[in-house]
Amino acid sequence: MTEGRDRRVIELEGVENVRDLGGIPVSGDREVARGLLLRGAAPAGMTAADRQLLFGDLGVRCVIDLRCGWERQAHPTPAHPGVDDLHIPFYDRDIVGIEYTEPAAGTRVVGRDVACDPDHFYRSLANPLTVGQMARCLDEVLARVTRGVPVYQHCSSGKDRTGIMALLVLAVLGAEPAAILDDYLLTNVSRDRNYQQAFERFLVFAQGDEERAHELTRAHRARPENLDAFHEAVCERYGSMTALLEGPLGVTAERRAQARAACTVEAPAR
């Protein structure tokens, strides 16, 4: 782990955008316990050293994959002894009954992949079928971390779907919106480091239009507007984030108290 800009960042050789939610402040002068809730990109490129760090040193015993089935097939999660690999996609035509197929203006569909418009995508996440998958994922996460079992959640790049699950978990634990946003924006360290790689990917969607590809690359950074769009869609459909947590996501006051007791610690004096 780095000790500089943010010691929650975990540097792996073959996986980008990995970090521990531990250390994020929550209400009551507490913070998220370290080593329980990890997030990042798809672990398909893990090296032997990465495996040792993630599954050995950090003790991760459950990996939750939020990707579509076709993404998972293209870049499978490597199996590891003693580690559960759960596939709980947000979108999947066969598993969930809904697939995201809306390309951004000026782009084309590539296979089953699209370059989405971030505002539209984040609003779409409030649909009941995807929220049902969020409930499953949240249940699996809380069931494990409240027993002290570390969990690693990921999608493809660890920004959008993973970012929403991090938001929900942190909301359960009592994090303020500003702290949730700070964690979300930390993705840009990885995103900016890999700008050229992202640009080349979007260039394919933009059919060789370099100006449009640069626009898409910048638009697909982690931005406050993304979480705002999700929050607005949640409020429109469910009334509030609290109503979403207590209703469709099934987080009772008792379960929230259990999670806070097990997954947060007293914050050090600052």
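This is a dialogue on how to read some features of a predicted model.

Visitor: How are residues numbered, and what limits apply to a predicted model?

Guide: Residues are numbered from 1 along each chain as its sequence is written. In this predicted model, local features need pLDDT of at least 70, and side-chain atom pairs count only at pLDDT 80 or more, while totals for chains, interfaces and linings use all residues; side-chain values use heavy atoms, with hydrogens and water left out.

Visitor: What is the mean pLDDT of the chain?

Guide: pLDDT is the predictor's confidence in each residue, from 0 to 100. Here the chain has a mean pLDDT of 95, and 98% of its residues reach 70 or more. Over residues 1-5, pLDDT stays under 50, and the model has 10 contacts for them beyond four places in sequence. Contact means heavy atoms within 4.5 Å.

Visitor: What is the volume of the largest pocket?

Guide: The search runs on a 1 Å grid over the protein atoms alone. A pocket is an open set of points with protein on both sides within 12 Å along at least five of seven lines, whereas a cavity is a set of points where a 1.4 Å probe fits but cannot get out. Lining residues have an atom within 4 Å of a point. Grid points are joined across faces, edges and corners, and a volume is the space filled by probe spheres set on the points. For the largest pocket, the volume is about 1100 Å³. It is lined by 38 residues, and the closest to its centre are Glu71, Ser156, Ser157, Arg191 and Arg201.

Visitor: Which helices each supply at least two residues of the lining of the largest pocket?

Guide: Helices (H or I, at least four residues) and strands (E, at least two) are DSSP runs, numbered from the N terminus. Helix H2 (69-74), helix H7 (187-193) and helix H8 (195-205) each supply at least two lining residues there. H8 gives the most, with four residues. By class, the lining of the largest pocket has 16 nonpolar, 11 polar and 11 charged residues. Ala, Val, Leu, Ile, Met, Phe, Trp, Tyr, Cys and Pro count as nonpolar, Asp, Glu, Lys and Arg as charged, and the others, Gly among them, as polar.

Visitor: How much space lies in the second largest pocket?

Guide: The second largest pocket holds about 380 Å³ of space. Of its 16 lining residues, Leu167, Pro177, Ile180, His231 and Met241 are the closest to its centre. Two or more lining residues come from each of helix H5 (161-173), helix H6 (177-185), helix H10 (224-238) and helix H11 (241-246). H10 gives the most to this lining, with four residues. The classes are 10 nonpolar, three polar and three charged residues.

Visitor: Arginine 191 was named beside the largest pocket. Is arginine 191 buried or exposed?

Guide: Buried means under 20% relative accessible area, exposed over 50%, and partly exposed in between (1.4 Å probe, protein chains only). Arginine 191 is in helix H7, and at 14% relative accessibility it counts as buried. Leaving aside neighbours within four places in sequence, arginine 191 is in contact with Ser157, Lys159, His220 and Arg221. Arginine 191 and arginine 218 are 27 residues apart in sequence, and their C-alpha atoms are 9.5 Å apart.

Visitor: Which residues are in contact with asparagine 226, leaving aside its neighbours within four places in sequence?

Guide: They are Pro118, Tyr122, Lys159, Tyr184 and Arg221. Asparagine 226 lies in helix H10 and is buried, with 1% relative accessibility.

Visitor: How many disulfides does the count come to?

Guide: A disulfide is a covalent bond between the sulfur atoms of two cysteines. The rule used here asks for a pair of cysteine sulfur atoms within 2.5 Å, and the count comes to zero. The sulfur of cysteine 68 is too far for a bond because the closest cysteine sulfur, in cysteine 155, is 10 Å away. Cysteine 68 is buried at 8% relative accessible area, and cysteine 155 is buried at 2%.

Visitor: What is the phi of aspartate 29, and what is that of glutamine 207?

Guide: Most residues other than glycine have a negative phi. Aspartate 29 has a positive phi of about 55 degrees, and glutamine 207 also has a positive phi of about 55 degrees. Aspartate 29 is in the loop between strand S3 (25-26) and strand S4 (30-32), and is exposed at 65% relative accessible area. Glutamine 207 is in the loop between H8 and helix H9 (210-219), and counts as exposed at 56%.
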